[in-house]
Amino acid sequence: AWMDADFRRQLSARRERVEDAFEFEGRKVGRGSYGQVFKTKPRSCADAPAGDYALKQIEGSGLSMSACREIALLRELKHPNVISLKQVYLAHETRQIWLLFDYAEHDLWRMINFHASAKKCNSQVSLPPNFTKSIMHQILCGIHYLHSNWVLHRDLKPANILVMGATSPERGRVKIADLGLARLFHQPLTPLTEIDPVVVTFWYRAPELLLGARHYTKAIDLWAIGCIMAELITDKPLFYCKQEEDIKTSSPYNRDQLERIFSVMGFPSQQDWRDLPHLPKYGDLVRNFGTGQQYARFSLGRHMSRSFGMSETSPEFRLLSRLLAMDPLRRPSAREALED
Ligand SMILES: Cc1ccc(-n2nc(C(C)(C)C)cc2NC(=O)NCCO)cc1
């Protein structure tokens, strides 16, 4: 009531309603803790250019903290490899918030699974090497832009790497997005609750996070990019680890996930990772793994050459092993990885 009633009436009469501009009934394509997403086209009367759009109806009502954060963040960011927010619709009657994005036909999770299943039935439809190189270059460009604006992603994984489809003028272009769950908790140590049917995976989480690191860093994003690179090459999650169903742990320490990392990478020595003993969960690590002698013969080179014939002297292996350095201080910045 603080606003003059007549002025309010004029404003609400002029405000463009999302249902007037877009047809989205029954066209839901996504559902998660963040809200629901519809694939839509503008109605002829709308002034949006023709093409497919994604309309996200934000969970909850009114300007929640996460809605504010998403709008404030996305409206400032503009890069070809980062999802772009086209329009915000505030439905005052229902206090609903709608975000309009360009529709991305694909995401890396589905593309990798498609090729993995195609491989199983022996049609050699594996991802062409140039595809992996192009996707990696675009992810690194997008992350370099975010990091230079001091935006950390915190939950990079194939499902958050969108790829524009054939009907889009930006065909084949990567759009880094954040479709969901982990965004609700800004600190790495918040308990993971099952507010979303899809179980959170730890496969892309850097070892320092699993050992209780208190803050996200750029190096944590680069570790995840290393995991994505390996998955593009092999069609398999590098640090695949079965998930217990009830992930209600409040501790960041995940023994099974750490075990999987060590059985691929080997166990980090004092020389490999000087600061390891200073991490909060180092005591648990020693209790569970001792000196890690049982992993002495494992290494990334051994894993990639024995399982996928990748040469340890190849340039792609060199980049992969830099991205997957156990010590976060030894991982390259996005710029250094781009130069590589
Ligand atoms: C609460 C909240 C949710 C998502 C974001 N977010 N962040 C990003 C980055 C890639 C710029 C980091 C992108 C988004 N949001 C989206 O990708 N939204 C589209 C589907 O939900 C921000 C904040």
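**Close-up views of a predicted model**

**View 1. Glutamate 23 and arginine 43 meet through their side chains in a salt bridge, at 3.2 Å from N to O.** Glutamate 23 belongs to strand S1 (residues 22–23), while arginine 43 sits in the loop between strand S3 (35–42) and strand S4 (53–58), so the pair ties together parts that are 20 residues apart in sequence. Glutamate 23 is partly exposed, with a relative accessible area of 32%, and arginine 43 is partly exposed at 32% as well. As with every view here, please keep in mind that the model is predicted. Across the whole structure, a search finds 20 salt bridges.

**View 2. Glutamine 96 is a buried residue of strand S6.** This strand covers residues 96–102. Glutamine 96 has a relative accessibility of 18%, and it counts as buried because the cut-off is under 20%. Who are its neighbours? Leaving aside residues up to four places away in sequence, glutamine 96 touches Gln57, Ile58, Gly60, Tyr89, Leu90 and Ala91. With glutamine 57 there is a polar contact between the two side chains, at 3.0 Å. Isoleucine 58 is 38 residues away from glutamine 96 along the chain, yet their C-alpha atoms are separated by 7.2 Å.

**View 3. Helix H4 has a buried side and another side with exposed residues.** The helix runs through residues 108–120 and has 13 residues, reaching 18 Å from its first C-alpha to its last, close to the 18 Å expected. Which residues of H4 are buried? They are Leu108, Met111, Ile112, His115, Ala116 and Ala118. These residues cover an arc of only 165 degrees around the axis, which puts them on the same side of H4. An α-helix has 3.6 residues a turn, so residues three or four places apart point the same way. On the other side of H4, Phe114 and Lys120 are exposed. Cover for the buried residues includes strand S7 (106–107), helix H5 (129–148), strand S8 (161–163) and helix H7 (218–234).

**View 4. Aspartate 107 caps the N-terminal end of H4 and also forms a salt bridge with arginine 110.** In the cap, a side-chain oxygen of aspartate 107 lies 2.8 Å from the backbone nitrogen of tryptophan 109. In the salt bridge, the closest N and O atoms are 2.7 Å apart. Aspartate 107 is buried, with a relative accessible area of 9%, whereas arginine 110 is partly exposed at 45%.

**View 5. Arginine 330 and aspartate 327 join their side chains in a salt bridge, at 4.0 Å from N to O.** Aspartate 327 is buried, with a relative accessible area of 7%. Elsewhere, salt bridges that share partners link Lys39, Lys41, Asp52 and Glu105 into one network.

Terms used
Residues numbered from 1 in each chain as written. Predicted model: local features only at pLDDT ≥ 70, side-chain atom pairs only at ≥ 80, totals over all residues. Heavy atoms only, no water. Helix = DSSP H or I, 4+ residues; strand = E, 2+ residues; numbered from the N terminus. Expected span 1.5 Å × (residues − 1). Buried < 20%, exposed > 50% of the residue type's maximum accessible area, 1.4 Å probe, protein only. Arc of directions from axis to C-beta. Contact = heavy atoms within 4.5 Å. Polar contact = N/O pair within 3.5 Å; in protein donor to acceptor, adjacent residues only side chain to side chain.
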